[in-house]
Amino acid sequence: MSTVDYSSPNQRTPCVLILDASGSMESIGSSGKSRIQALNEGIKTLEKSLREDDTALTRVQLAIVSVGGPANDADIMMDWTDAINFKAFPLSTGGVTPLGRGLQLGLDLIEQGKQNLRNAGISYTRPWMMVITDGDPTDERSDWLNAARECKTAENTKKVEIFCIGVEGANLNTLSELSSKPPLMLDGVKFKELFVWLSSSLSAASRSRPGDTMQLPSTDVWRNVGM
Amino acid sequence: MSRWITAQTSVIGFSHTKSNTPCQDSHVVKTSPDGEWLIIVVSDGAGTASKAEVGSKHVSNFFAQELLELVIELKQRTPGNWINDFVISKVLQTRIALRNLANSDTIKDYNCTLVACLIGPSGGFSIHIGDGSIIGGSLSENSGIRFLSEPENGEYANETYFITEGDWVKHLRVMPIPKLDWVICCTDGGGDIALVSDKEPKLGFLLPVVTEVFEETETEKRNEKLRTFLENPKAYQVTSDDMTLVLAVKQEFKTSFSDAFKFQDHFPNTASTNFSGSSYQNSKKIQKDKTDQVEFAVVKKSKLNFYFILKLLGPLLLLFATFVISFQVEFSRKWIAANFYNAYEYLNIDNKKTNEEVERNKLLDKPSERPIHLEPEDKQVEEKLSDNIDQKNTAAK
């Protein structure tokens, strides 16, 4: 029998991570680890679990925006990168939480990413945006409201799927303004579990077919159910 | 005997094996009684719809039967704008029958796509709602004919449209097909395996598969062989969806079918005709201009006097002939009626219906226990169709 070519079609599931790297992420939890340490370990876990999943590895595309950090601004830390080329890197903390600005950068990245994929003739599933923060946005109130409104519109017009995760100390009321899905609270510093969940959820999204409902894994492993 | 030989199969995807749902893809391949026309209907049931497999089965069976009628029409009439109306009315009937089958006005539970084509000796038509693909080509030397009906997804690869949705008519694409020697119809799952980005044949897959499958002389064995290629662990890695592939080639090219996949030909991105059929109207206008020119040339060439006499006498002659013929027809009709009270009974004409026809009529004529409400969109489509017919009638008058 001659060899038959069973290669996968080209398709991407883009996901942008908006990560809080403000000064408050330094605080040390009950486990003895600072939040930022746990977050950085989480990002490593993300790389590892993406590598364990062939479909996700060829289809998932990541970008990272940090909020705060040494530059005390929202910054694109990593432009669109295919999972197969993704190398985890640690974030360092500092400054305040200009989350609204971070969200805007995220939305721009998503539009740019879609455009690039269209130009390359690669089809894609709906992009994801995961927001992780432990504080209150420090943008001007009007700027924050603008950014939050843009996010909500983008979500309602199916431009993006938004997941908002609060870490201890986060203001859930403010966070609930940027998505129609309620924000979820992370249980302690279970970043590892969170990123394993993200990896398998992205894998499910990248595999989803027309007319299917996406079966996402349960969030109970990392979610603070009491909240 | 059919002019076409085919291999077809629907294979359950591993996501459905895992969740214990049945295969939601369906396919039907038919040839017209004279063997000249090939009819392929493929339908992909949506994973979220609870009765998608019933929907896709119904759509492929029912619509294939309806397409047989289009074949009969095409033998009597030249292709034209009426085909769009015909197809729309057939989709409407498929939907009505599905509502009767479901005994409900909403058929969301039966969501499925429609990928269909009929191909005769000199071409045919593709009818497409949603994703899935039809590609075909010629195997005669230097013809370079290519055909493609692309999947229609939304912006995202995991969204598409269904024949069962209210706005189906917006997504219905009817396209003329040129004279083809081979054709492949597939659902999106089958396309993931056999095509490159839904637009080009994946040579690395199709060349070996077609070579092996079409070595077999019996359809059953071909189908079985094609199935083994799709029920492959490697195929399950490519797609988790159900996979349907229908491969068809004209008898005379059955040994050279694989030639189509030996070289990388670029498939043009064929523009689709929407259901207003504007391209047809343009071609009709061009034809009319041409006939005018021909007539003008005739006048110039022939002797003018003779032409005018003919032009004056012609209508009179025609009127007379029509009168004679209609009189004869009327007379003979009465004569037959008088002499053979029931010609059918007298001649013992066997008016037997095929199983499919009986099934079809059962579904359409089924006395409904519920008042039939067409979806508002369907009502509009129906009104538009009858408007079209009215317009034609007034134009004829």
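Helix α2(B) contains 25 residues and spans 36 Å from its first C-alpha to its last, close to the 36 Å expected at 1.5 Å a residue. The model under discussion is predicted.

**Chain B as a whole**

- Chain B has 13 helices and 12 strands.
- Of its 397 residues, 39% count as buried.
- Among the contacts in chain B between residues at least 6 apart in sequence, 75% join residues at least 24 apart.

- In chain B, 5 strands form an open sheet in the order β2-β3-β4-β5-β8, and the pairing is antiparallel.
- The strands β2 (25-31) and β8 (173-177) of chain B stand at the edges with a single partner strand each, so one side of each has no neighbour in the sheet.
- On average, neighbouring strands of this sheet are turned by 10° against each other, direction ignored.
- Within the sheet, strand β4 (residues 114-120) and strand β5 (residues 123-129) of chain B run antiparallel and are joined by 7 bridges. V115(B) stands opposite H128(B) in β5(B).
- Helix α2(B) packs on the sheet, where it touches β2, β3 (38-44) and β4 of chain B. The direction of α2(B) makes about 155° with that of β3(B).
- Is α2(B) mostly covered or mostly exposed? The helix is mostly covered, as 18 of its 25 residues are buried.

- Strand β1 (residues 4-11) of chain B is mostly covered, with 8 of its 8 residues buried.
- W4(B), T6(B), Q8(B) and S10(B) point one way from β1(B), while I5(B), A7(B), T9(B) and V11(B) point the other way; all are buried.
- Strand β1(B) is joined by 8 bridges to strand β12 (residues 243-250) of chain B, and the two run antiparallel. The bridge partner of T9(B) in β12(B) is L245(B).

- In soluble globular proteins, nonpolar side chains tend to be buried together.
- The largest nonpolar core has 85 residues, of which I40(B), C117(B), L118(B), C185(B) and V246(B) touch the most other members. Helix α2 (residues 52-76) of chain B supplies the largest share of this core, 9 residues.
- Which residues does I40(B) contact, leaving aside its neighbours within four places in sequence? They are V29(B), A116(B), C117(B), C185(B), V246(B) and A248(B).
- A second, separate core has 59 residues, including A38(A), L39(A), L99(A) and W222(A).

**Helix α3(A)**

- Helix α3 (residues 99-119) of chain A has 21 residues and reaches 30 Å from its first C-alpha to its last, close to the 30 Å expected at 1.5 Å a residue.
- The buried residues of α3(A) include L99(A), G100(A), L103(A), L107(A) and I110(A).
- These buried residues of α3(A) pack against β1 (11-21), β2 (60-68), β3 (73-82), β5 (128-133) and α4 (141-156) of chain A.
- After α3(A) comes G121(A), whose phi is positive, near 70°.

**Where the chains meet**

- In the model, 21 residues of chain A are in contact with 28 residues of chain B.
- The side of chain A that touches chain B has 5 nonpolar, 10 polar and 6 charged residues.

Key:
Residues numbered from 1 in each chain as written. Chains lettered and ligands numbered in written order. Predicted model: local features only at pLDDT ≥ 70, side-chain atom pairs only at ≥ 80, totals over all residues. Core = buried A, V, L, I, M, F, W, Y, C linked by C-beta atoms within 7 Å. Buried ≥ 20, exposed ≤ 12 C-beta atoms within 10 Å, placed from the backbone. Helix = DSSP H or I, 4+ residues; strand = E, 2+ residues; numbered from the N terminus. Contact = placed C-beta atoms within 7 Å. Expected span 1.5 Å × (residues − 1). Pairing = 2+ DSSP bridges. Nonpolar A, V, L, I, M, F, W, Y, C, P; charged D, E, K, R; others polar. Axes fitted to C-alpha atoms, helices over the stretch in contact; angles between N-to-C directions.
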